[in-house]
Amino acid sequence: MAGSGTAVGSVRLWQDSSIFQLVGELVGSARVRVLVEMYELGRPDVLELLGEAVGRGVGVRVITDPTVGASRRSAAVLDSLRVPQRAYPVDDGRHQIDHVKLLVVDEAAAVGGMNWGVHSEHNHDYVLETRVAIDVDRLVHIFDQDWSLAGGQPAPLAAVAGEVAQTAPGAEIRSMLEKALRGAVRRVLAEMYTLTDPEVIADLVAAHRRGVTVRVLLDPNQAYNFHGYAVLHAGGVEVRWYPVPRGVLLHAKIGLFDGELVLGSANWTLSGLGVNHELDIETGDVGAVAAYAARFAADWDRAG
């Protein structure tokens with residue numbers, strides 16, 4: 001259901017504005033640590049929560065992208081609240097950004113596509129809350145990697161194959177996506193903010209041609225999507241424009257491949273899969289899969 005979380009075991013899928021309910025609950029209840037890495041950080045209520053966490057003795061650290069005006073302004077506010085924060089050292093020559101959206105609180109983590117901007121809650125997006133120890137541990141290591149880099153002491157992690165994947169360093173997200181796409185035998189259901197990567201588009205068409213049900217929803221506000229839409233349509237893939245109200249985005253980056261969800265910050269573009277610093281997570285949790293499948297079906301019908 002839109003705007004709600006679905007709880008099953010250690011994993012929960014959150015959608016749309018309810019994501020900020022999750023953020024508030026986690027940060028407000030933090031006892032030991034709060035780690036935030038956020039591309040667009042601009043919500044005053046979240047900044048206040050982070051300051052309050054520091055005030056009660058929680059170890060808070062925040063990484064932001066210095067190319068985003070709201071994040072630069074929030075960094076100054078965090079300094080005034082005595083919240084330790086660093087700016088990710090983006091590579092201007094490669095037009096790179098730190099596009100990660102990550103929250104770790106004590107033994108829980110949240111990964112997805114939702115920015116923490118003042119208008120972000122109006123967009124259609126997803127976040128996966130996980131309390132799976134191996135995933136949380138990997139996410140903490142990635143945050144520490146980025147914190148060290150932002151402090152001038154780069155210590156990139158070795159590439160691994162697992163349920164948590166990053167881009168720049170490494171190409172783990174592309175590998176994860178390729179495996180999911182090429183291994184699908186029943187269905188591929190995707191909602192994507194920007195889809196331009198030629199290899200991904202080719203894999204979607206190839207999946208359709210081997211008999212997989214392939215359905216893709218795209219954001220009509222992104223001019224870059226028009227070419228991808230045309231190529232997918234010509235290849236026989238079912239593709240529709242997400243019916244966004246004025247001023248709202250389909251900001252999700254998520255796909256369901258048979259019984260596996262892949263979601264996170266990475267658009268299916270050359271930059272998202274090979275230049276930007278991005279973070280995705282994969283899960284086969286039955287509740288999360290069912291929640292997404294139901295929401296996708298509703299979105300697909302509305303787009304028809």
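## Exercises: cavity, pockets and a helix pair

The lining of the largest cavity is made up of eleven nonpolar, one polar and one charged residue. Here Ala, Val, Leu, Ile, Met, Phe, Trp, Tyr, Cys and Pro count as nonpolar, Asp, Glu, Lys and Arg as charged, and the others, Gly among them, as polar. The model is predicted: local features need pLDDT of at least 70, side-chain atom pairs count only at pLDDT 80 or more, and totals for chains, interfaces and linings use all residues. Residues are numbered from 1 along each chain as its sequence is written, and side-chain values use heavy atoms, leaving out hydrogens and water.

**Exercise 1.** State how many cavities of 30 Å³ or more a search of the whole structure finds, and describe the lining of the largest cavity.

*Solution.*
- On a 1 Å grid over the protein atoms alone, a cavity is a set of points where a 1.4 Å probe fits but cannot get out; a pocket is an open set with protein on both sides within 12 Å along at least five of seven lines; lining residues have an atom within 4 Å of a point.
- The search returns one cavity of 30 Å³ or more.
- Its 13 lining residues include Ile 19, Val 23, Ala 110, Trp 116 and Val 127, the closest to the centre.
- The largest cavity holds about 90 Å³, a volume being the space filled by probe spheres set on grid points joined across faces, edges and corners.
- At least two lining residues come from each of α1 (19–29), β6 (101–105) and β7 (108–112); helices (H or I, at least four residues) and strands (E, at least two) are DSSP runs, numbered from the N terminus.

**Exercise 2.** Give the volume of the largest pocket and say which element gives the most to its lining.

*Solution.*
- The volume is about 330 Å³.
- Among the 17 lining residues, Gly 162, Ser 175, Met 176, Lys 179 and Glu 282 are closest to the centre.
- Helix α5 gives the most, with six residues.
- By class, this lining has nine nonpolar, three polar and five charged residues.

**Exercise 3.** Describe the packing of α6 (residues 198–209) and α7 (residues 225–234).

*Solution.*
- The angle is about 25° and the axes are 9 Å apart; axes are lines fitted to C-alpha atoms over the stretch in contact, with angles from 0 to 180 degrees between N-to-C directions.
- Therefore α6 is roughly parallel to α7, a label for angles under 35 degrees.
- Ile 201, Leu 204 and Val 205 of α6 meet Gly 228, Val 231 and Leu 232 of α7, contact meaning heavy atoms within 4.5 Å.
- By class, the contact has five nonpolar, one polar and no charged residues.

Key:
Parallel < 35°, antiparallel > 145°, perpendicular 65-115°, else oblique.
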